[in-house]
Amino acid sequence: MERVAEREEAVKKYLLGELGESEQEEIELRLLTEPQYLDELLLVEEDLADDFVFGALPQHERQKVVRHFLLTPERRQKLLYTEALKQYVAQQAAPAWGAGAASLPWRWPLSPARGKPLGELLGRLRRAWASSAGALQRWLTKLLDGRRDEPWERRLAEAHQSRALLESLMAGDWAGLRLLALLSAGPRSPRELAAQSGAGEAAASQVLARLVGAGAAEERNGVFYCTGEGAKILRKVETAAGVKITP
Amino acid sequence: MGFDDAVKNLMLQAEACPLVILVWGPGRESVEHFEKRQKIKREVGDRFRNAHVLFSEDVDLERLLRGYRKMSYPDQESWHLAACDVCVVLDTSRGAGEEIAHFVRSAHASKLLILTHERHQHSTGFPAAIRRYENQLFYNDQEYESCNLVEQVLTRIYTTALQKLFRM
């Protein structure tokens, strides 16, 4: 019988892009057919976001979080939310625990699945957020928006977004640019893209994930589309290179 | 002309881009790390032949900025950072990181590429945004010894050159 720790480890590897194609497909099939497995994935996602925010991940996993895990807007939002919670907990904990609040072991408060009292508070906070409870969501939204509105952070975010777009094109020795050029002609499945570009399906999927994360492509029901942002960058490439690469 | 020609044209234009690249880090007194700075400077200069690759300590702007030599070193570095396209910071000790801490919230923070040893990743005082937006990357001993660190720098400079080319 599969143990919880083994299941969680497999899900974590899936989220960090460490699994081979057949293992990924196995996990994805289980996510579609086993509701409890999806719940476990969501818990592991939260743990991963917590570990990242509190600096508990080794360096090679931190890089994989940035390159794989944070490709979806929902997970990026989850990360921002965890950072906001960290601040909220520190502020709420200070009156009760005084100076000792800053030295609370980070893991203890953030493990609702593990039944710790403060973890239950955070579990309630997360559920309140999900159900759009008014005061808490307004407070967290203001905190998140306020942080994103700091000019220096906004500039960093804009520069990073711009770099991420270019790096998604350069991914896989410019396979990103090739795939995006193919998408500009019309929506394609990963299998079609892999066949037309000569890349393996697994490699194409990784590159597509980066294009989606950078906003150059989007995915709907297993089919990929070039976005307006993607079309714009393709035009810039063609102008700069003096060569037409779109069909 | 096809796809491969397009990519080749882009790479050639990126490598010919007139960029100003700073390489900050330990001075001559730290022999091993200074050699790494020199290696980065050399490799970047070889690849990007129209780029001006500099150490701040070699810059003297007195002719252009009256009173430059009387400025404090951080003030002089502010001018350098404002004028550059990319500033690579070889952060080999906690002290080096503290020296640039006041730049990380500046208007030019996005130009920084801070390379910090992974043993300092829990003690680094930079804001989380610097790591989140990949303005600080962590390396281990093996990456330091191999070409990996230089490759990361070159990739960052390529994207900076393409940003200029595409007016992004």
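Reader: What is a salt bridge?
Author: A salt bridge is a side-chain nitrogen of Lys or Arg within 4 Å of a carboxyl oxygen of Asp or Glu. Please note that this is a predicted model.

Reader: How many salt bridges does the structure hold over all chains?
Author: Over all chains, the structure holds 11 salt bridges. One of them joins Glu61(A) to Lys12(A), with the closest N and O atoms 3.2 Å apart.

Reader: And where do Glu61(A) and Lys12(A) lie in the chain?
Author: Glu61(A) is in helix H4 of chain A, while Lys12(A) is in helix H1 (residues 4-15) of chain A. The two are 49 residues apart, and the pair links distant parts of the chain.

Reader: Let us turn to the two chains. How much area do chain A and chain B bury between them?
Author: About 3,400 Å² is buried between chain A and chain B, and 64% of it is on carbon and sulfur atoms. The contact takes 36 residues from chain A and 38 residues from chain B.

Reader: How many salt bridges does the rule find across that interface?
Author: There are two salt bridges across the interface of chain A and chain B. Among them, Asp4(B) pairs with Arg178(A), the closest N and O atoms being 3.4 Å apart. As for polar contacts, nine residue pairs are counted between chain A and chain B, with both residues at pLDDT 80 or more.

Reader: Which helices supply the side of chain A that touches chain B?
Author: Helix H4 (59-67), helix H5 (73-97), H8 and helix H11 (228-241) of chain A each supply at least two residues. H8(A) gives the largest share, 16 residues. By class, this side of chain A has 21 nonpolar, five polar and 10 charged residues.

Reader: What does H8(A) pack against within chain A?
Author: Helix H8 (residues 151-183) of chain A packs with helix H9 (residues 190-197) of chain A at an angle of about 115 degrees, their axes being 10 Å apart. The crossing of H8(A) and H9(A) is right-handed.

Reader: Which residues make that contact?
Author: From H8(A) come Arg178(A), Leu179(A), Leu182(A) and Leu183(A), and from H9(A) come Leu193(A), Gln196(A) and Ser197(A). By class, four are nonpolar, two polar and one charged.

Key:
Residues are numbered from 1 along each chain as its sequence is written. Chains are lettered from A and ligands numbered from 1 in the order in which they are written. This is a predicted model: local features need pLDDT of at least 70, side-chain atom pairs count only at pLDDT 80 or more; totals for chains, interfaces and linings use all residues. Side-chain values use heavy atoms; hydrogens and water are left out. Axes are lines fitted to C-alpha atoms, for helices over the stretch in contact, and angles run from 0 to 180 degrees between N-to-C directions. Helices (H or I, at least four residues) and strands (E, at least two) are DSSP runs, numbered from the N terminus. A crossing is left-handed if the near helix is turned anticlockwise from the far one by less than a right angle, and right-handed if clockwise. Contact means heavy atoms within 4.5 Å. Ala, Val, Leu, Ile, Met, Phe, Trp, Tyr, Cys and Pro count as nonpolar, Asp, Glu, Lys and Arg as charged, and the others, Gly among them, as polar. Buried area is the accessible area (1.4 Å probe) that two parts lose on being put together, summed over both. A polar contact is a pair of N or O atoms within 3.5 Å; within protein, one must be able to donate a hydrogen and the other to accept it, and residues adjacent in sequence count only if both atoms are side-chain atoms.
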